[in-house]
Amino acid sequence: MVRTLLALKGRLVRGALAHLLDAEDDIAVVGEAATSHALREALRDDRPDVAVVDADLVPLHQLARIAAGGDPDGGGRLLVLVERRRAARVRPVLAEHGRRVGFLSREVPPQRIAEGVRLLARGQVVLDPELVVAALEVADSPLTPREREVLDVAAEGHPVRDIAEKLAVSAGTVRNHLSRIMAKTGARTRLEAVRIARESGWI
């Protein structure tokens, strides 16, 4: 049995997918999570083989850390569901962790998700061709990997001091990154930079 965790927004969505996956002979849903914090706890406590994760639920820097096995709360493999317009956001993770992280469009039917869970559990690459096309169509991000991490955390509404603590850098370094981010995006505020980067698929 493939022990599977569902980390998706919306109780109705999670419940419907849990029902469909549990109906499969070789898949067992062992837990659910509705927030990034709950996902980390569930990965630690339930130790699933595969976690089906909403891309908007987990900041990119956390996704990369979990995928790399560098997160103490991490475990198993991740099947990430992402919107086509934000496909470019996951390219850095895919390039480095293609065997531990799979990506499917949110629009795929549940059976595709079930098959993705099976393939990923066996260590095979799971990647929706439509996402590849969408990622190639999106303009390359002007942001460095570290700038994307900073903006990803900033998007959660954290102050500079908390961002610095989460990324293990100084507050001055965070301020410098934010200044460069706003210059590159043409934003006047941090919130505007987040909006522009999200609409462009950079975070």
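This is a predicted model: local features need pLDDT of at least 70, side-chain atom pairs count only at pLDDT 80 or more; totals for chains, interfaces and linings use all residues.
Lys184 forms a salt bridge with Glu147, with the closest N and O atoms 2.8 Å apart. Glu147 lies in helix H7 (residues 145–154) and Lys184 in helix H9 (residues 171–185), so the pair ties together parts that are 37 residues apart in sequence. Glu147, for its part, counts as buried, at 2% relative accessibility.

A search of the whole structure finds 14 salt bridges, and another of them pairs Glu115 with Arg118, where the closest N and O atoms are 3.4 Å apart. Both residues lie in helix H5 (residues 110–121), three residues apart, which is about one turn of the helix. Glu115 is partly exposed, with a relative accessible area of 34%, whereas Arg118 is buried, at 13%.

Glu192 forms a salt bridge with Arg188, the closest N and O atoms being 3.6 Å apart; Glu192 is buried, with a relative accessible area of 18%, while Arg188 counts as exposed at 72%. As for networks, salt bridges that share partners join Glu24, Asp26, Glu115 and Arg118 into one.

Let me turn to Ser105, which sits in strand E5 (residues 101–105) and counts as buried at 1% relative accessibility. The side chains of Ser105 and Glu107 are joined by a polar contact of 2.5 Å.

Finally, Leu8, in the loop between strand E1 (2–7) and helix H1 (11–22), is buried with a relative accessible area of 4%, and its C-alpha is 5.6 Å from that of Ala34, although the two residues are 26 apart in sequence.

Definitions and conventions
Residues are numbered from 1 along each chain as its sequence is written. Side-chain values use heavy atoms; hydrogens and water are left out. Helices (H or I, at least four residues) and strands (E, at least two) are DSSP runs, numbered from the N terminus. Buried means under 20% relative accessible area, exposed over 50%, partly exposed in between (1.4 Å probe, protein chains only). A polar contact is a pair of N or O atoms within 3.5 Å; within protein, one must be able to donate a hydrogen and the other to accept it, and residues adjacent in sequence count only if both atoms are side-chain atoms. A salt bridge is a side-chain nitrogen of Lys or Arg within 4 Å of a carboxyl oxygen of Asp or Glu.
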